Amino acid sequence: MENFFVNIAGLIRDLIAGFGLNAVLVDLAMVVVKFVAVLVFVLLNVVVLVYMERRVAGFFQERLGPNRVGPQGSLQLVMDIFKLLSKEDIVPAGADKFVYKAAAYAIFVPTILVYMVIPFGKGMNVIDLNLGLFYILAISSVTTLIIFMAGWGSRNKYSLVGGMRAIAQMVSYEIPYVFSFLGVIMLTGSLKMSTIVEAQQGMWFIVLQPIAFIVFLIAGNAEINRGPFDLPEGEQELVAGYHTEYTAGRFAMFYMAEYANLLAMAAIGATVFLGGWHGPWLPGWLWFFIKMYALVFGQMWVRWTFPRIRIDHLMHFNWKVLLPVSLANIVVTGIAIKVYQMVRMMGWW
């Protein structure tokens, strides 16, 4: 099936080249085509994820979930979209209008850019950068600034506190989040996403780096502000946090970005720790989707199982537990690699 997608891409490339464009313009046009394909993929998956989360939440809370609009409530999200688009788009009188509006339109951009380097199968990525993992970490960190723009631009005390919480939480948890990848980088010697997947052909890195995988799951959950780490938008305290003042389509952008971030985090975990497209019998892209959605289900399970924690406990857990554990994992990984090299050098293995 990977060959099918590669062949389709080849046909599109030949069609574009038929207009007499040079190689550089053809490559640029192919990037645009693949980007549009990824954008459509993400938007369709957001629809699936919203329905999936409502069903999962209903299951864990022993209720039905959506069951009125459409078969098994499958069209509930469609009605929600119509509802949001039909509402009045209100801009607070005291808001910094440019910052307020820019945040809503920019919140989706870093997430979409992250998908540019994720391989959905062998040869199925938009761009295979040599610094792919570094690119992901750099782009995803921009989300912190955009969330603070939303909190600051709204000129609302609840929004501002939510934005400040987001800065504190996301910047803090970004450190162990980055450290969780260092063990994998040390084992592969590469930041290229396809190389990291190829290195897991015999054994997935979740086996060699189980502690790093756990750190990744926890820190990644905090990075995307999912429960029980959803302090920046705690309803009981801050109404809706940094997007309290947003309505209609702009609120929908924040809503979609949350699920796009959830899917991106799962895709990164499936690529770096679960072997990416590797698996028996089934096509590689299908294995990737199975692993990705398994991680998504795990994140939803956590959200609807554990209560929201206090902000001081949140920071305490990061600086006094998660960070030391991630550093210890790097040290142990380095020692293990050195011992392995010495054993191989002496011919004992």
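Student: Which residues are buried in H6?
Tutor: In this predicted model, the buried residues of H6 are Gly132, Leu133, Tyr135, Ile136, Leu137, Ile139 and Ser140. That is seven of the nine residues of the helix, which is therefore mostly covered, given that buried means under 20% relative accessible area.

Student: And what do the buried residues of H6 pack against?
Tutor: Their partners are H5, H9 and H13, together with helix H7 (142-153) and helix H8 (157-188).

Student: H13 is on that list. How many residues does the largest nonpolar core have?
Tutor: The largest nonpolar core has 75 residues. Helix H13 (residues 248-272) supplies the largest share of this core, with 13 residues. The residues with the most contacts inside the core are Val42, Ile118, Phe181, Ile268 and Phe273.

Student: Take Ile268. What does it touch?
Tutor: Leaving out residues up to four places away in sequence, Ile268 touches Val114, Ile118, Ile136, Tyr177, Phe181 and Phe216. Among these, Ile118 and Phe181 are also listed with the most contacts inside the core, and Ile136 is one of the buried residues of H6.

Student: Changing topic to aromatics: how many aromatic pairs does the structure hold?
Tutor: The structure holds 21 aromatic pairs. One of them joins Phe41 and Phe120, whose ring centres are 5.1 Å apart.

Student: Why is the pair of Phe41 and Phe120 called edge-to-face?
Tutor: The planes of the two rings stand at 70 degrees, so the pair is edge-to-face; the cut-off for that class is over 60.

Student: Where do the two residues lie?
Tutor: Phe41 lies in helix H2 (residues 23-60), and Phe120 in the loop between helix H5 (109-114) and helix H6 (132-140). The pair therefore ties together parts that are 79 residues apart in sequence.

Student: Is Phe120 buried or exposed?
Tutor: Phe120 is buried, with a relative accessible area of 8%.

Student: What about Phe41 and Phe289?
Tutor: Phe41 and Phe289 form a stacked pair, with 5.5 Å centre to centre and 15 degrees between the planes. Phe289 lies in helix H14 (residues 284-303) and Phe41 in helix H2, so this pair links parts 248 residues apart in sequence. Phe289 is partly exposed, at a relative accessible area of 23%.

Student: Which residues form one aromatic cluster with Phe41?
Tutor: Phe41 forms one aromatic cluster with Phe120, Trp285, Phe288 and Phe289.

Student: On to Gln200. Where is its place, and is it buried or exposed?
Tutor: Gln200 sits in the loop between helix H9 (193-198) and helix H10 (205-208). With 0% relative accessibility, Gln200 counts as buried.

Student: What does the side chain of Gln200 reach?
Tutor: It reaches the backbone oxygen of Thr271 at 2.9 Å. Beyond its neighbours within four places in sequence, Gln200 is in contact with Phe205, Thr271, Val272, Phe273, Leu274, Gly275 and His278. One of these, Phe273, is also among the residues with the most contacts inside the largest nonpolar core.

Student: Last topic, the backbone. What is phi of Glu62?
Tutor: Phi of Glu62 is near 55 degrees, a positive value in a residue other than glycine. Most residues other than glycine have a negative phi. Gln72 also has a positive phi, of about 55 degrees, and is not a glycine.

Student: Where are Glu62 and Gln72 found?
Tutor: Glu62 is in the loop between H2 and helix H3 (76-86), and Gln72 is found in the loop between H2 and H3. Glu62 counts as exposed at 75% relative accessibility, and Gln72 counts as exposed at 56%.

Terms used: Residues are numbered from 1 along each chain as its sequence is written. This is a predicted model: local features need pLDDT of at least 70, side-chain atom pairs count only at pLDDT 80 or more; totals for chains, interfaces and linings use all residues. Side-chain values use heavy atoms; hydrogens and water are left out. Rings of Phe, Tyr and Trp (its six-membered ring) pair if their centres lie within 6.5 Å; planes under 30 degrees apart count as stacked, over 60 as edge-to-face and the rest as tilted. Helices (H or I, at least four residues) and strands (E, at least two) are DSSP runs, numbered from the N terminus. Buried means under 20% relative accessible area, exposed over 50%, partly exposed in between (1.4 Å probe, protein chains only). Contact means heavy atoms within 4.5 Å. A polar contact is a pair of N or O atoms within 3.5 Å; within protein, one must be able to donate a hydrogen and the other to accept it, and residues adjacent in sequence count only if both atoms are side-chain atoms. A nonpolar core is a set of buried Ala, Val, Leu, Ile, Met, Phe, Trp, Tyr and Cys residues joined through side-chain atoms within 4.5 Å.
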